[in-house]
Amino acid sequence: MNNPLPFRIRVAVPVPIHEYFDYEVSAQQYADIQAGMRVTVPFGRQTCVAIVIEKVALDVPPSTQFKLKKIIQILDEQPLIDPHILQLLTWSAQYYMYPLGEVIQSALPTRLRQGHHYDCVTTQWQLTPLAHEENTLKQLKRSEKQRLAVEYIQTHPHGVLETELNLHGISTATLKALEKKQLVQQNEVQIDFSRKPVGLAEKQLTANTEQLQALEQIVPTLQNYAGYLLDGITGSGKTEVYLQVMWQVLKQNKQVLVLVPEIGLTPQTIARFRARFDCHIALLHSGLNDTKRLHAWQQAQTGQAGIILGTRSALYTPIPDLGLIILDEEHDLSFKQQEGFRYHARDVALYRGYLAKCPVILGSATPSIDSFALAKQGKLKHIMLNQRAGHARMPKMQILDLKIAPKQHGLSLILIEKIKATLQQGQQVLVFLNRRGYAPVLMCESCAWQANCPRCDAHFTLHTQPYQHLHCHHCGLIQTLPKQCPACQHPTLKPIGLGTVKIEEGLKELFPEHDVLRVDKDSTRHVGSLEKIYAQIHAEKPLILLGTQMLAKGHHFPHVSLVAILDIDAGLLSVDFRAPERTAQLITQVAGRAGRGDYHGEVILQTLRPEHPILHTLLEHGYRTFAEQTLKERETACLPPYRYSILIRSDAKNEQHNLAFLSQNAKLLTDNAQQSVDVWGPIPAPMQRKAGKYHAHMLLLASSRVQLHHYVKHWWQYVRATAPSDIRLSIDVDPQEFG
Ligand code: ADP
Ligand code: ZN
Ligand code: ZN
């Protein structure tokens, strides 16, 4: 008997709408289609690439609201996204209250989103006949990089993939340079996604007692979901624990997903994984071009890659045989997406592990207060590593009161002496200042005029490189430096405060015979500059390393024995309830760079607030005690994690209009939700004016997550639908920042 109703499929279309759409298909298409395949569909006047969510059961009557349209074409023979990922994405869209169609698209690399064919070719490099002539290679004496590249390619007479060369630190630029010299040639090849047996490329270290205890807890649970908080001081050997657990998983031909912070994916990290395992590693981060991203994604999705190593966005990659998820430096803010679909990779990773029935390890020397709370509730198993692995010991920390300390170039004389002594002993110094540029303020000494950004409530930062200019770090505006004060016309403009460039100047003057290496966003803009700096750091030579929080993360600097923290006072004074947590993490992480080698480390912290309780807790009792105290304070104040929160942000050209709109809707929510949702605000954002717009927000808090989400979901749909077009709104579930 013929089915009287049309055959239909339900798809996700990449538009900012919270629903799926149904389309008609033929009987044959209905038989061929599976969830997770791509189809092209007409949508409005456009054609879109949509993802099949499910086949609509044959006895469900079609909605009469819309005219049922037919799909145009099926793009895939096999599903690209497995049911787990679809479920994870649907859950994420609901939880973060973000349009489903757009969330689902985040699982696909751009080229597949654009509708390109799945089969892909990639670039492979080979030596040319010219390169085999002996004299030619002698020409490369002056370029170490090119010589190394040629040597590597030489060991692969049939050619080697560009992605593999990149993994070995050979850049595409180097290859192109060699191509110009006609020493190498490229050709396109069909990618082979077959698997190869996995092996250990080097011996594992002998686990120490604490590491052994950690392994004994985790390894027996590999077949099931379990969440772990691996809470180990810097240098305690967390990475070695990851590597040993990974081996247990890889041995069973399963795959491992390792997530690291945005700037944690350094050549050092990659090298460590490569050195240990003989297996395919797929690298997924924001720096990849579309074809490389597709290739890495396919390595994961076909099961070829044993290890998928990436930043936040790698979280939604399909991984058919997922056996373990690791999130390193789990406290890092870059795991939370701060725009659009504001998911937290840490929370979604836990849910992914639950769906995939595999363990999830969250590791950090300074766990987030949220994870601490989960550990307390028993939702995460708390594993502690309290000793440094190998011979290294924890550094000792000293606080210097800047109010009374005599200084030169912003450095106290005591600190200068210590730097001198450290360099004399042949060791390295790390100077930490979280402020790039020359000076944070330019001020007139005659009339106190200050150079402020006309579009933001913020000072311009004075930059002297590559030329003198004023730069707003909030909206990107750049202006030339006035020659005299625009207010009183006196030529008395003076930089106030310290930026990394000014400190660099001071350090070079004080220690002319030593290298000062500055590491910040400005000094590392060029590809390869960071690698160059690392190479110098690893050479055993006394030098001063100066930088922003780029230096605070996960690096191993074996020759650094003195760490100086110059100015973290802003973090001590902030009104954000999470500021103490961030500041304590930053101090502990930076301090943890000291004494990781064979020398004893020392940390000096300069501050105008030496009496601040955070500093004393850290100094006398360490981060874990700080975390315990912070949890208690949050409990008393009924703040997250003791209540659940959602932040609504809005901005508009008109300040009053914006606040009035939020107030009116706040009332609507409180009327409906009664006592179950507490509304704080609306209030102007900490930086109210940014890029010419007025920003405001309100925080919604509730002790029941279910109730909070229930009330806010309906309310939010209404608010979005009724917002005037000049007000831009966003929702942030479990917000981490209030800016
Ligand atoms: P973390 O990730 O906790 O900062 P790492 O795993 O990087 O610590 O270890 C710090 C240093 O200690 C590394 O140089 C590492 O090789 C060494 N190490 C780790 N575990 C051991 C061990 N069991 N025996 C000897 N050295 C170890
Ligand atoms: Zn003036
Ligand atoms: Zn600005």
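Colleague: How are the donor residues of the zinc ion (ligand 2) spaced in sequence?

Modeller: The spacing of those donors along the chain is C-x2-C-x37-C-x2-C. Please note that this is a predicted model.

Colleague: Which residues coordinate the zinc ion (ligand 2), and at what distances?

Modeller: The zinc ion (ligand 2) is held by the SG atoms of Cys444, Cys447, Cys485 and Cys488, at 2.2 to 2.3 Å.

Colleague: And what is the geometry of that site?

Modeller: The site is tetrahedral, with angles of 106 to 114 degrees among its 4 donor atoms. For four tetrahedral donors, the ideal angle is 109.5 degrees.

Colleague: Where do cysteine 447 and cysteine 488 sit in the chain?

Modeller: Cysteine 447 is in the loop between β22 (441-444) and β23 (461-463), and cysteine 488 is in the loop between β25 (478-479) and β26 (493-496). The two are 41 residues apart, and the pair links distant parts of the chain.

Colleague: Why does cysteine 447 count as partly exposed?

Modeller: Cysteine 447 counts as partly exposed because its relative accessibility is 34%, and buried would require a value under 20%. Cysteine 488 is also partly exposed, with a relative accessible area of 22%.

Colleague: Changing topic, how many aromatic pairs are found in the whole structure?

Modeller: The search finds 15 aromatic pairs. One of them joins tyrosine 95 and tyrosine 96 in an edge-to-face arrangement, 4.8 Å centre to centre and with 80 degrees between the planes.

Colleague: Are those two buried or exposed?

Modeller: Tyrosine 95 is buried at 11% relative accessibility, and tyrosine 96 is buried at 2%.

Colleague: What about tyrosine 98 and phenylalanine 341?

Modeller: Tyrosine 98 and phenylalanine 341 form a stacked pair, with ring centres 5.9 Å apart and planes at 25 degrees. This pair links distant parts of the chain, 243 residues apart. Tyrosine 98 lies in the loop between α2 (83-95) and α3 (100-105), while phenylalanine 341 lies in the loop between β15 (322-328) and α13 (345-356).

Colleague: How accessible are tyrosine 98 and phenylalanine 341?

Modeller: Tyrosine 98 is partly exposed, at 21%, whereas phenylalanine 341 is buried, at 6% relative accessibility.

Colleague: Which residues form the aromatic cluster?

Modeller: One aromatic cluster contains Trp91, Tyr95, Tyr96, Tyr98, Tyr225, Tyr316, Phe341, Tyr343, Tyr351 and Tyr354.

Colleague: One last point: which residue lies over the face of tyrosine 30?

Modeller: That residue is lysine 55, at 5.2 Å from the ring centre of tyrosine 30.

Terms used. Residues numbered from 1 in each chain as written. Chains lettered and ligands numbered in written order. Predicted model: local features only at pLDDT ≥ 70, side-chain atom pairs only at ≥ 80, totals over all residues. Heavy atoms only, no water. Phe/Tyr/Trp six-rings, centres within 6.5 Å; stacked < 30°, edge-to-face > 60°. Buried < 20%, exposed > 50% of the residue type's maximum accessible area, 1.4 Å probe, protein only. Helix = DSSP H or I, 4+ residues; strand = E, 2+ residues; numbered from the N terminus. Lys NZ or Arg CZ within 6 Å of the ring centre and 35° of its normal. Donors = N, O, S within 2.8 Å, 3.2 Å for Na, K, Ca; no water. Tetrahedral: all angles 85-135°; square planar, octahedral: opposite > 155°, others 65-115°.
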